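Me: I have a structure open and would like to go through it step by step. Could we take it one topic at a time?

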Amino acid sequence: NLDNISSDRNVYVECEKIPQLTISKTADKDKYNINDKIHYTLTVNETLSYADDVIIRDDGLDEGVSLITDSIAVSGTQNYKILENDDRGFTIQVDRIEKDNPVTVEYDVEIINPHKAGQTVYNNAVAYTDMLGTHQEVNAEETVEILKPQLTIEKSQNNSYFNYLDTIHYYLKVNQTVEGAIAYDVNVEDYGLPEGVEVDTDSIQTNGNVVKSGKDGFTINFTSLAYNQQEVIEFDAKIVDASLCGKTIQNLATVKSKTDTTTTNATTEADVLKPELVITKTADKDYYNVEQIANYTIGLSQSVENAIAYNVTIKDVAPTKGIKIINTITDPIKVSGISPDNYTLDFDEENNSFTLKIKKLTHEDNVTITYKAYIESNDLAGGNIENTVIADSDNSEQTDKITTVTPILKPALEVQKISDEDIEKYIFENALKPGDK
């Protein structure tokens, strides 16, 4: 009671000081990736005297991030208790914070939502006290960046053109191009080959996990892909459909990830060559007589550079009736210009024809077939010899050549009758003597 105190006396009143709290919040980095842990540090200090029953709270976590509840570590005091603690945040009560004796709370928050890639994580923490009936509250904010990876894919092959039954060797190169970023759950798919081109699943070479594979393509998964970490996939595919000859094969491969859901494509093109068979047939003469032998020469080549014709068949169709193909030990049908182990020759004596089968014919091969044919029928006199040869393969158009030799010579006999008087006249006019013809 100050009423009874004399005015000439000094009075000293000791007052409690209202707390003056400060708070700061920092993260251990500025940039993070999905699945990273943000390590936060909260520092709460009293700058005037002391503060009792200080509440420190961080429950303002963004959606897509989660507090790791067992990561909370408090230093600077032993007198505290955790009031709340779950994946959305925490509340801690500190009995007293003395001046310039700060209390530090460290904790980890995990970035769990892949859709946060390319966004920021905002977080707000508060500290307050209701000491002396006054509410003193301070807050601190921290914003960090979540990196968004960008994937690229390239596709190439070992050549720009191929033949039927060739094997194409493909290369896929996948990269992540954002510095510091990591792409997670990366899926590479290659199902873009046309029908008639089959993947050899045993040929697939990769550091990733082959999730699915078949003749039509594959899916390969990589757990993660960091900056400038290139992953290469190699595989073979075989052209098994001859109808693709003369066409262009297009192939599409794609890549995407959990953290970069944009699908990125890569394509390649390759020409499938279509061979063209060229056939010639000639005879050694323009005119023949019955009972003479005709000598035939067949020429076969493939005119498209780098193309290969497979299972080529050359058939000499039965010639005009009355002509017999000769195929004996002394006069065989001869084949040259190609390796003997690359062909077979079948002679059909009954049908008076032969068939040459060639396994494969390249642009550099020039095949020659020579054979003889005996003209045995008098019925051919005055007529033509017509003969046809046909060439075909598994992956080319059929071609044929007709050779006609004209004519078969027909003798013309003439009979002249003369009298004795004509003979005597001839002798006289030509002054013939006995013994002359």
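Me: To start with helix α1, how many of its 10 residues are buried?

Reply: Please keep in mind that this is a predicted model. Helix α1 covers residues 420-429, and the number of buried residues among its 10 is 0, so the helix lies largely in the open.

Me: What about I423, where is it and how accessible is it?

Reply: I423 is in helix α1. Its relative accessible area is 36%, and because buried means under 20% and exposed over 50%, I423 counts as partly exposed.

Me: Which residues make the nonpolar surface patch of about 380 Å²?

Reply: That patch is made by I418, I423, Y426 and I427.

Me: And which residues gather in a patch of negative charge?

Reply: D420, E421, D422 and E424 form that patch on the surface. One of them, D422, lies in helix α1 and is partly exposed at 41% relative accessibility.

Me: Which strands does β14 pair with?

Reply: Strand β12 (residues 151-157) pairs with β14 in the antiparallel sense over 7 bridges, and there I153 stands opposite V174 of β14. Strand β19 (residues 231-239) is also an antiparallel partner of β14, over 8 bridges. In that pairing K173 stands opposite V232 of β19.

Me: What is the order of strands in the open sheet of 6 strands?

Reply: The order is β2-β11-β10-β4-β8-β7, and the pairing is mixed. The edge strands are β2 (31-32) and β7 (80-86), each of which pairs on one side only. Within the sheet, strand β4 (residues 50-58) and strand β8 (residues 89-98) run antiparallel and are joined by 8 bridges. One example is I55, whose bridge partner in β8 is Q93.

Me: How many salt bridges are there in the whole structure?

Reply: A search of the whole structure finds 11 salt bridges.

Me: What does K25 form a salt bridge with?

Reply: K25 forms a salt bridge with D58, and the closest N and O atoms are 2.7 Å apart. K25 lies in strand β1 (residues 21-27) and D58 in strand β4, so the pair ties together parts that are 33 residues apart in sequence.

Me: Are K25 and D58 buried or exposed?

Reply: K25 is buried, with a relative accessible area of 5%, and D58 is buried at 1%.

Me: Finally, which residues are linked in a network of salt bridges?

Reply: D52, R96 and E98 are linked in such a network. The side chains of E98 and R96 meet in a salt bridge of 3.7 Å, N to O. E98 is partly exposed at 36% relative accessibility, and R96 is partly exposed with a relative accessible area of 36%.

Key
Residues numbered from 1 in each chain as written. Predicted model: local features only at pLDDT ≥ 70, side-chain atom pairs only at ≥ 80, totals over all residues. Heavy atoms only, no water. Buried < 20%, exposed > 50% of the residue type's maximum accessible area, 1.4 Å probe, protein only. Helix = DSSP H or I, 4+ residues; strand = E, 2+ residues; numbered from the N terminus. Patch = residues over 30% accessible without salt bridge, like charges linked within 9 Å, V, L, I, M, F, W, Y side chains within 5 Å. Areas by Shrake-Rupley, 256 points an atom, 1.4 Å probe, with all protein chains shown as cover. Salt bridge = Lys/Arg side-chain N within 4 Å of Asp/Glu carboxyl O. Lys, Arg positive; Asp, Glu negative; His and termini not counted. Charge placed at Lys NZ, Arg CZ, Asp CG, Glu CD. Pairing = 2+ DSSP bridges.
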